Amino acid sequence: MSHHIDRDRQIIYCDRNIEVRPLGLREAPALYDAVNRSVRAISEWEAWCTLDYSLADARLFLQRSIEQWDMRAAYDFNVIERISGLVIGSVAINQISQLNQLANLGYWVRDGYTGRGIAAIAARAAAAFAFGKTGLTRLEIVIQAGNLRSQRVAEKTGATLECLARNRLVFHGEPRDAKVFSLVPADLGVPVPVAA
């Protein structure tokens, strides 16, 4: 699909506990807090998350997120706990290939909120957004082979494990094997988008 999707109006999931939506630049401190309080767990699997992650990094990420949204290059969402306003996770559609109508689906959840099904809910909401609004027909969830928690989330979203891909990811300059899961519209009961 080639039409503009208004970033500011994209609440892709909401229930009495959580809301999944893009963050604005003014919310950089809330994003920084979430990453900072979870940095050890996230950095074990995600190269972007380092022990020196700063408020400036959060601001830069949000600025790039807005720019990438406008270019239809990536769609980032955050999970907000409604009662406290805390950022408790993130989900993203990125590495988009319009030619092949596919993208990567990634997620993380703040320490203290894991094991509650939050990542699976957010991932399914992001997948529904991708299939329903962007014309994508395949999402891949690529997870380091040792990251069992993220693999369980992929399974809970309804994704299919396709393979163990050798040297599929580079993590801090080192090739790593990864499990590749996929989601297609039928997995969510969504019709395949029709090309315009």
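A salt bridge is a side-chain nitrogen of Lys or Arg within 4 Å of a carboxyl oxygen of Asp or Glu. The side chains of arginine 21 and glutamate 19 meet this way, at 2.7 Å from N to O.

## The model

This is a predicted model, in which local features need pLDDT of at least 70 and side-chain atom pairs count only at pLDDT 80 or more, while totals for chains, interfaces and linings use all residues. Residues are numbered from 1 along each chain as its sequence is written, and side-chain values use heavy atoms, with hydrogens and water left out.

## The sheet

Helices (H or I, at least four residues) and strands (E, at least two) are DSSP runs, numbered from the N terminus. Two strands pair if DSSP finds at least two bridges between them. Strands of a sheet pair through backbone hydrogen bonds, either parallel or antiparallel.

Here, eight strands form an open sheet with mixed pairing. Their order is β1-β2-β3-β4-β5-β6-β8-β7. The edges belong to β1 (13–14) and β7 (160–171). Each has a single partner strand, so one side of each lacks a neighbour in the sheet.

## Around β8

Strand β8 (residues 174–183) pairs with β7 in the antiparallel sense, over eight bridges. Threonine 160 stands opposite serine 182 in β8. Alanine 165 has alanine 178 of β8 as its bridge partner. β7 and β8 form a hairpin with two residues between them. Histidine 172, in the turn, has a positive phi of about 50 degrees.

β8 also runs antiparallel to strand β6 (residues 138–144), and six bridges join them. Isoleucine 143 stands opposite lysine 179 in β8.

## Salt bridges

How many salt bridges does a search of the whole structure find? The search finds eight. Buried means under 20% relative accessible area, exposed over 50%, and partly exposed in between (1.4 Å probe, protein chains only). Arginine 21 and glutamate 19 are both buried.

Arginine 138 forms a salt bridge with glutamate 162, with the closest N and O atoms 2.6 Å apart. This pair links distant parts of the chain: arginine 138 is in strand β6 and glutamate 162 in strand β7, 24 residues apart. Arginine 138 also meets glutamate 140 in a salt bridge, at 2.9 Å from N to O. Glutamate 140 is buried, with a relative accessible area of 16%. Glutamate 162 is partly exposed, at 41%. Arg138, Glu140, Glu162 and Arg168 are linked in a network of salt bridges.

## Helix α1

Which residues of helix α1 (residues 28–37) are buried? They are Ala28, Leu31, Ala34 and Val35. They lie on the same side of α1, because they cover an arc of only 125 degrees around the axis. That arc is taken from the directions from the helix axis to the C-beta atoms.

Contact means heavy atoms within 4.5 Å. The buried residues of α1 pack against α2 (39–43), α3 (55–70), β3 (75–81), β4 (87–97) and β5 (102–109).

## The nonpolar cores

A nonpolar core is a set of buried Ala, Val, Leu, Ile, Met, Phe, Trp, Tyr and Cys residues joined through side-chain atoms within 4.5 Å. The largest has 37 residues. Those with the most contacts inside it are Ile93, Leu105, Tyr107, Leu139 and Ile141. Helix α4 gives the most to this core, with 11 residues. A second, separate core of 14 residues includes Ala28, Val35, Cys49 and Trp108.

Isoleucine 141 touches several residues, among them Leu105, Tyr107, Ala154 and Phe181, not counting residues up to four places away in sequence.
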